[in-house]
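Open the structure in your viewer and keep the selection tool at hand. The stops below go from one selection to the next.

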Amino acid sequence: MKVLVAYSSATGNTRKVAEAIHLALPDADLCPVGHAPNPEGYDLVFLGCWIDKGLADEAARAYMSKLHGKPVALFATLGAYPDSKYAADCMDAVSELLSACTVVDRFVCQGAIDPKLVEWMKGLPKDHGYGPTTSRKKLWRDAESHPDDADLEAAADWAEGVLAAL
Ligand SMILES: Cc1cc2nc3c(=O)[nH]c(=O)nc-3n(C[C@H](O)[C@H](O)[C@H](O)COP(=O)(O)O)c2cc1C
């Protein structure tokens, strides 16, 4: 089975997850989406994106449009807690973008938020939608250490499980 791990990553979090998946599936090809090959020759594509304003980032979305009909194992990183309803909603929204494909499974974990963005949000009024409330400041701090070793191990286990189930 020919497997591609294609990912988009602006600050490195999703790349780390993609690399952990690739370590678990050493026969797979690993590529950032900007250089990813034509998916036609692959039986399964692990596609990684980061969440940008509730949706897959732009580079990942561009590659998704080339995946018509492929089985896709979707993975993502985001600032929010991965077990939150918000994270599930984001993954549902990304999966909808892949409605022409078969999403065989999905994995999401938290990723450190770009410190420049956090600084900007800290300067917003508290009642702004992204402003520095106590719970948001905790979320930003909690995100800082992710993806951590446990996330990367979970991603590798997930990828092995996806392949074993096919
Ligand atoms: C411009 C921008 C928009 C973001 N939008 C969201 C968002 O809507 N929801 C969220 O949970 N995290 C959001 N994040 C956090 C990223 O999804 C998170 O830090 C991710 O792990 C970045 O992945 P990368 O290091 O692979 O680029 C955003 C980050 C940036 C820089």
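Where is Val33 found? Select Val33: the residue sits in the loop between strand S2 (29-32) and S3. The model on screen is predicted, and the descriptions on this tour refer to that model.

**Stop 1: Val33**

With Val33 selected, show the residues around the side chain. Is Val33 buried or exposed? Val33 counts as buried, because its relative accessibility is 10% and the cut-off for buried is under 20%. Leaving aside neighbours within four places in sequence, Val33 is in contact with Ala6, Tyr7, Ser8, Leu47, Ala59, Ala60 and Tyr63. Val33 and Gly48 are 15 residues apart in sequence, and their C-alpha atoms are 8.7 Å apart in space.

**Stop 2: Asp29 and Lys2**

What is the relative accessible area of Asp29? The value for Asp29 is 31%, which makes the residue partly exposed. Lys2 is also described as partly exposed, at 42% relative accessibility.

**Stop 3: Lys53 and Asp52**

Next, select Lys53, in the loop between strand S3 (44-52) and strand S4 (55-56). What is phi of Lys53 near? Phi is near 50°, a positive value in a residue other than glycine. Most residues other than glycine have a negative phi. Lys53 counts as exposed, with 72% relative accessibility. Asp52 is partly exposed, with a relative accessible area of 24%.

**Stop 4: Thr77**

Select Thr77, in strand S5 (residues 71-78). Thr77 counts as buried, at 3% relative accessibility. With which residue does the side chain of Thr77 make a polar contact of 2.9 Å? The partner is Thr14, and the contact joins the two side chains. Leaving aside neighbours within four places in sequence, the contacts of Thr77 are Asn13, Thr14, Val17, Cys49, Trp50, Ile51, Cys109 and Gly111.

**Stop 5**

Go on to His146, found in the loop between helix H5 (134-143) and helix H6 (149-165). His146 is buried, with a relative accessible area of 17%. The side chain of His146 makes a polar contact of 2.5 Å with the side chain of Asp151. Not counting residues up to four places away in sequence, His146 touches Asn13, Gln110, Gly111, Ala112 and Asp151.

Now show the backbone from His146 to Pro147. Is the peptide bond between them cis or trans? The bond is cis, with omega near -5°. Most peptide bonds are trans. Pro147 is found in the loop between H5 and H6.

**Stop 6: the two domains**

Color the chain by domain. Domain 1 covers 3-111 + 146-165, and domain 2 covers 113-145. The contact between them takes nine residues from domain 1 and eight residues from domain 2. How far apart are the C-alpha centres of domain 1 and domain 2? The centres lie 25 Å apart.

**Stop 7: Lys116 and Asp114**

Select Lys116 and Asp114. The two form a salt bridge, with the closest N and O atoms 4.0 Å apart. Lys116 counts as exposed at 66% relative accessibility, whereas Asp114 is partly exposed, with a relative accessible area of 26%. In the model, the count of salt bridges comes to eight, including the Lys116 to Asp114 pair.

**Stop 8: a surface patch**

Finish with a surface view. Which residues form a nonpolar patch on the surface? Select Met1, Val104 and Leu166, which together have about 300 Å² of accessible area. Val104 is found in strand S6 (residues 102-110) and is partly exposed, with a relative accessible area of 32%.

Key. Residues are numbered from 1 along each chain as its sequence is written. This is a predicted model: local features need pLDDT of at least 70, side-chain atom pairs count only at pLDDT 80 or more; totals for chains, interfaces and linings use all residues. Side-chain values use heavy atoms; hydrogens and water are left out. Patches are made of residues with over 30% relative accessible area and no salt bridge: like charges are joined within 9 Å, nonpolar side chains (Val, Leu, Ile, Met, Phe, Trp, Tyr) within 5 Å. Accessible areas come from the Shrake-Rupley method with a 1.4 Å probe; for residues, only the protein chains shown count as cover. A salt bridge is a side-chain nitrogen of Lys or Arg within 4 Å of a carboxyl oxygen of Asp or Glu. Helices (H or I, at least four residues) and strands (E, at least two) are DSSP runs, numbered from the N terminus. Buried means under 20% relative accessible area, exposed over 50%, partly exposed in between (1.4 Å probe, protein chains only). A polar contact is a pair of N or O atoms within 3.5 Å; within protein, one must be able to donate a hydrogen and the other to accept it, and residues adjacent in sequence count only if both atoms are side-chain atoms. Contact means heavy atoms within 4.5 Å. Domain bounds come from an automatic or database domain assignment.
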